[in-house]
Amino acid sequence: MNKKSFLAGIMCGIAFGFLSSKAMTENRSKFTSEEILHLIKNTAGANGKVTGSWIMTKPETLNQNSFTYQAYRGGITKIEDNNEKHFEFLADANTGEILEWSIV
């Protein structure tokens, strides 16, 4: 093996590593479903006790207001004013922002 082919192999390996790393990070959400659920429970628990929760583990594609989001769907149950209330939400997987919040 000569120096040219060795260097060409090294350069190809570096380029492949860089491109595959970039592709993997672009497809990965900033927050995991567990992190989103933790944020939602902490926020919702400020004015009532959270007694139950769930979240989908994979984000879904959501088109809203001419924007496309990767969003986690989930829900919580909490006690407010001695009444049990059920809520569902959609949260942006990249920012953690609540996109939809509704009482069920």
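1. A salt bridge is taken here as a side-chain nitrogen of Lys or Arg within 4 Å of a carboxyl oxygen of Asp or Glu, and by this rule the count comes to three. The model is a predicted one, in which local features need pLDDT of at least 70 and side-chain atom pairs count only at pLDDT 80 or more, while totals for chains, interfaces and linings use all residues. Residues are numbered from 1 along each chain as its sequence is written, and side-chain values use heavy atoms, with hydrogens and water left out.

2. Arg73 pairs with Glu60 in a salt bridge whose closest N and O atoms are 2.9 Å apart. Because Arg73 lies in strand E3 and Glu60 in strand E2, the pair ties together parts that are 13 residues apart in sequence (strands are DSSP runs of E, at least two residues, numbered from the N terminus). Arg73, at 30% relative accessibility, is partly exposed, as is Glu60 at 27% (buried means under 20% relative accessible area, exposed over 50%, partly exposed in between, with a 1.4 Å probe and protein chains only).

3. Lys78, Glu80 and Lys85 are linked in a network of salt bridges. Lys78 approaches Glu80 with closest N and O atoms 2.8 Å apart, whereas the N to O distance between Lys85 and Glu80 is 3.3 Å. Lys78 is buried at 3% and Glu80 is buried at 14%, but Lys85 is partly exposed at 27%.

4. Most residues other than glycine have a negative phi. In the loop between E2 (60-64) and E3 (67-80), however, Asn65 has a positive phi near 55 degrees, and Ser66, found in that loop, has a positive phi of about 65 degrees. Asn65 counts as exposed at 65% relative accessibility, and Ser66 counts as exposed at 81%.

Technical notes:
Helices (H or I, at least four residues) and strands (E, at least two) are DSSP runs, numbered from the N terminus.
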